[in-house]
Structure formats: structure tokens, C-alpha cells
Amino acid sequence: MKLSGSQILIECLKREGVKVVFAYPGGVNLPVFDVLYDEKDLQVVLCRHEQGGTHMAEGYARATGKPGVVLVTSGPGATNTVTGIVDAYMDSTPLVILTGQVPTKMIGNDAFQEADVVGITRPCTKYNILVKDVNDLAQAIKEAFYIATSGRPGPVLVDLPKDVVLAKTEFKYPDKVYIRSYSPVYKGNKWQIKQAAQEILKAKKPVIYAGGGVLSSDAHQELRELAEITKIPVTLTLMGLGAFPGTHPQFLGMLGMHGTYWANMSIHNSDLIIAVGARFDDRVTGRVADFAPNARIIHIDIDPTSIHKNLAVHVPIVGDAKLVLRELNQLLRTSGNGNLGQHQPWMEQIEAWKKEHPLAYEQGDKIIKPQYVIDKIYAATQGNAIITTDVGQHQMWSAQFYKFNRPRTFINSGGLGTMGYGLPAAIGAQCAYPDEQVVCIAGDGGIVMNIQELATAVQYKLPVKVAIINNKYLGMVRQWQQLFYDGRYSSSFMGDSPDFVKLAEAFGAVGLRATEVSEVDDVLKEGLAASGPVVIDFQVDQEENCYPMIPAGAAINEMVFSDPDKGSKKAKGQKQEEKADGVLTA
């Protein structure tokens, strides 16, 4: 029996195990929505903006490990997804984006709502394709899911002209695909793994530095096994948080620009770094020339282009983190000969660094410190929530003070740093796990960038909780203006607008507010206990800064820990030099 392109598309999604589609209709994809009208096995979540829908799909994918699916129309519907696509590309998030397109005979005619989305997204997708013939549709969808989820995951876009989704043909879905030019390497080179084991056995000051690649390959158990059999301390990137228990005694916390003092000092003074699923980005390395000057480096990554990209390494291993770590652990167990875990002086040095500069803040009786709110959210959720964030100070405080003990429970925009990411990502995660506690920690700047998605949460009765760390500023921008621009707060003050409680109520959600320390526990208790979406406006210290911090152009061990002129009108005349060649940005 022949099926239309729309029917074929939906059947393909079901064959791929898709349960949720984040979507927004328009003229050219109405045939697809017409098929979805009678579909019982696919939940369609109507977003309020296509960027929001793409971040929802990211949140779904990051929480589950399964590809997120986005369905939008042509022209502006398609171009509105681009920020989310770049975000997914930077953070290796598997997405399949289905865009509507004008009929094939109209392409190139500047037709209404026509945009060359394949051309626009070529640099920021893992793969994209314009399907011109309905007979190619099933193969294109099969390849899209295969490419999005295999190797280093990423976004794949399929552009669907209206005449293609209306045309009919026999439906035949391939069992598997073979793409000659695309063949990810999963098993690591045995000789290189043996070299890695030898480096580990002779190291005196080793550190494991793991990133989001561990989560992508579900290698968290193998990572923990490596750490525990070797007694090597572990630090994680922002994207890797949750890959190793945050309460584990060998955990050093996050490293990098706002990482812990002891994690950065451990890296700087180490003689061996075992990098797993991490890419040595600028937020981690600081001044590259002085990164870990005495360390030999083992780098395990499934993406061969990541190895040697930012830093020369001594033992490169291309392969899936789970498979490589499994083989490495086996080799270490059989060849350890009692040499595993002999790092007592090293561990004592790390403990000394912990005591020298612990993560700390001073909470008084009145003004709420933002770190205090994060601490209270951690206590109230008992560390079991899925946390999403926007980008900025609150994101860094969440990474510092919330202890993530499970994989896939910290979802944020790491590579692109997208404001407006947190709320839609929380909706995506909540769609995946309706019974889990999902909390979006946002800033007052980022939340208004996609606040319209609160309507989505209300419509689908998703119990997402939004905790706004409201300091009335673009906090990280203000911090940099204080430190590097003489306290000239140019266009970073956000003021009192909007009233987040009234805004939440206008959308049909519950709105709460805490302005004093004594109110924090009560509003959290009330908000977390509510059955539907809730927005809590925590009005915090307006000029609290996020420390430790590596200034632009500095090395990883050159951290600062406090305001240069604490207590005065913020550092005017105390300007630090922002180096022109400094690669770090606010």
C-alpha cells in the first residue's frame, strides 16, 4: 500500500522509537500535522517559539541519551532553530530537526517563507539534507537518526518540501544503513591502551579529567572503576558533571575558569592527565602555553579531530570511552602488581589545597546570597533533581554548590553559552521523566529570553520549577565590567521589570518570591510541593561575584578569590588588565 510522504515520515519516527516531537506548525508542514492529528503513539509538544522547541529537544536528549526530535515549518520557523542547532552541535547533543520547505519547483524563487536552511545550517550540523523525492524519504530519515546518534553525537537536519510530504510511494524502511564516507571508530588501539596503562602505573601525581563524552557513551561506571582501582582523583568539566559522583571522596569538583582551587592546582602540578571525553576548551585550559607544564597527557575521545586540536598529547586513543575504559581497567587489574593507588603524598597535597581556598560565601541575616539559594535547593531536593540552567553566574554557582551524583542530571549550555536555554531544556527533561523533580535555575536576564515557554509548561501540566537568581543585572557581564572596565556597568542593569510573580500568574503558573533569608526555605518548600509549574523569584545580592575565577589570558593556577576593592563602590580605579590575547569571555 502506498503512503504519503507525511505518513512515511511519521512511520519512520515510530520505527526509531520516538515518543515525543517538539513542534510548531506552518503552511508547508500542515500535511504532517494532519497525520499527527490521529496519531496516538507520538506526543506532540507545541512550543511557543522554534528556538524553545529546539532547546526542549536538547533537554530531552541530554536527560535520556535518546535523540530529540524537532518539527518546524519553512523560512522563519526553520531559521529560528539555528541557535538551538549550534548549541546542540557545540555540546554534542543528538537531535533530528525536520524543517518544512516550499515545493521543490518553487525553491530558488524567493517564494513566501522560503529560506535555504540547508545552506544556513551546513556549518553547524553534523549532516543535513534536502529531500527532493518521496522515494528517498525513508532512507534519509534512517540515515539522519544513525548519524545523529553514532560516533560523536550531534544535530542532523532534514529539509522536507511540501510536494515531497504530499506525494505517495510504497513504504520500505531500511533495517540499517551503510555510509561509506562515515565510519566512527569505537574500539581503541590496543598498543595505545597498553601505553596508557604504563603511564598510569608510573605516575606519581595523576589526575583524571573527564567531560561530557563520558555521559554520551554511558561510561560513568567504567570511569568510577578506573578511579577506584587506581585511587586517582577526578575532576570534571561543566559538561561532565554527574559522570562521577559529586560526593565521592576522590572528586575534586569542576576545573577551569570557575573551577575549584584544588582541582586547578591539581591539574597544574600533575605529572599525568588522563583526559576522557573532554576537549581541552579555553574555559578549562586558561593560557594554553602554561597548562599542566609537567604533565604527560593521555587523551581518550571518539572524535579524532578533538585530539591534538587545542593541546599536544602524548598518548592519543580514538574510541568510545566506555569500550576504551573497560579495556584499560582490565589491563590495569592484571598488570598492576601492587603499584596501583600509591599516591598518598599527592592526595595529602590536594587536601592541603582544599583547606587553603575552600568554596565559601558569607551569608548574613538579611540579603540573600545566590550561593545560599543553590545550597538550599540542593538540600530541599536531596540532590536528586534534574537541574537545568541558563548561562552566567547562576550556572557557575550551580556547578560549584549542587552536588550531582547521577549522570544526565545537570543540563546546561556549555559550549555556546545560550541565554534562554534553561526553561525549555527543563520542559524537555520533564517530558522525558514526568515523575522526576526538574528544577530550572535561571538568571533574571536569561529567563526572559524564552519565558514564553512557560505557556507550554502550563498547557501540558508539566511540574517544572523555575528558580530565578534575580540580582537585577546581567551578572557575569557586570562582574567583568567591575573587574576589567572600571566598574562602568554599561547596559548590564536589568532593573525591576518584569514582576516575575505576576508574569508567572499571567501564564497560569504559580509565582512566589523571597526577598529575605528567612523566606528562602518556606518558598522552596511551597514551590517544590506544588503540582504544576512554579516560578520563584529569589531577590539576591546584586553585586555578588563568582569566585574562584581565572582572569582572561591567565594560566589555570593564576586564580583570583575576591573583589579587588571589596566593600567600596566596586573597584573603580582598580581596573585589572583584560589582555587582548585573552581567549576567555564572559
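Visitor: What is the order of the six strands in the open sheet?

Guide: First, the ground rules. This is a predicted model, where local features need pLDDT of at least 70, side-chain atom pairs count only at pLDDT 80 or more, and totals for chains, interfaces and linings use all residues. Residues are numbered from 1 along each chain as its sequence is written, and side-chain values use heavy atoms, without hydrogens and water.

Guide: Strands of a sheet pair through backbone hydrogen bonds, either parallel or antiparallel. Here the order is E3-E2-E4-E5-E7-E6, with parallel pairing. Strands (E, at least two residues) and helices (H or I, at least four) are DSSP runs, numbered from the N terminus. Pairing takes at least two DSSP bridges between two strands.

Visitor: Which are the edge strands?

Guide: Strand E3 (43-46) and strand E6 (127-130), each pairing on one side only. From one strand to the next, the twist averages 20°.

Visitor: How many bridges join E4 to E5?

Guide: Five, between residues 68-72 and residues 95-101. Leu71 stands opposite Leu98 in E5.

Visitor: Which strands does helix H3 touch?

Guide: Contact means heavy atoms within 4.5 Å. Helix H3 (residues 50-64) touches E2, E3, E4 and E5. Its direction makes about 165° with that of E4. Axes are lines fitted to C-alpha atoms, for helices over the stretch in contact; angles run from 0 to 180 degrees between N-to-C directions.

Visitor: Why does Met449 count as partly exposed?

Guide: Because its relative accessibility is 48%; buried means under 20%, exposed over 50%, partly exposed in between (1.4 Å probe, protein chains only). Met449 is in the loop between strand E17 (438-443) and helix H19 (454-459).
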